[in-house]
Amino acid sequence: MYDTFVAVCGIGLMSLSVFNVALRAGLNVGVAAQIDDNEIYGPALESAYHLESNLAEYPRFLVGKEL
């Protein structure tokens, strides 16, 4: 979990410093099923999407209750 948080913070800082782009994101842990090679679906994805699309403002990374 620690490495995940470090990676997310690094991505946010790198996008600001290199590309001048502020990111927003939602992070959560939960049940998900792999439905294709590069695609998952489940409550964890829905929760992370809700955090990012409805609650996060630029530049902000939100963490869900399950995490």
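**View 1. Contacts that reach along the chain.** Among contacts in this predicted protein model between residues at least 6 apart in sequence, 57% join residues at least 24 apart; contact here means heavy atoms within 4.5 Å. Residues are numbered from 1 along each chain as its sequence is written. Because the model is predicted, local features need pLDDT of at least 70, and side-chain atom pairs count only at pLDDT 80 or more, while totals for chains, interfaces and linings use all residues; side-chain values use heavy atoms, with hydrogens and water left out.

**View 2. The whole fold.** Let us step back for a moment. The protein has two helices and four strands, and along the sequence they come in the pattern α-β-β-β-α-β. Helices (H or I, at least four residues) and strands (E, at least two) are DSSP runs, numbered from the N terminus. The C-alpha atoms fill a box of roughly 35 × 25 × 20 Å, taken along the principal axes.

**View 3. The surface.** Of the 67 residues, 22% count as buried. Buried means under 20% relative accessible area, exposed over 50%, and partly exposed in between (1.4 Å probe, protein chains only). The accessible surface comes to about 5200 Å², and 60% of that belongs to carbon and sulfur atoms. These areas come from the Shrake-Rupley method with a 1.4 Å probe; for residues, only the protein chains shown count as cover.

**View 4. S15 in helix α1.** Look for S15 in helix α1. S15 counts as buried because its relative accessibility is 6%. A polar atom of the S15 side chain lies 2.9 Å from the backbone oxygen of G12. Not counting residues up to four places away in sequence, S15 touches N20, V21 and L23.

View 5. One of the residues touched by S15 is N20, which sits in the loop between α1 (2-19) and β1 (24-27). N20 is not a glycine, yet its phi is positive, near 55°. With 65% relative accessibility, N20 counts as exposed.

**View 6. L67 and its contacts.** Finally, find L67 in the segment after β4 (60-63). Leaving aside neighbours within four places in sequence, L67 is in contact with M1, F5, L27, N28 and V29. L67 counts as partly exposed because its relative accessibility is 30%. For a sense of scale, the C-alpha atoms of L67 and D36 are separated by 24 Å, and these two residues are 31 residues apart along the chain.

Conventions. Polar contact = N/O pair within 3.5 Å; in protein donor to acceptor, adjacent residues only side chain to side chain.
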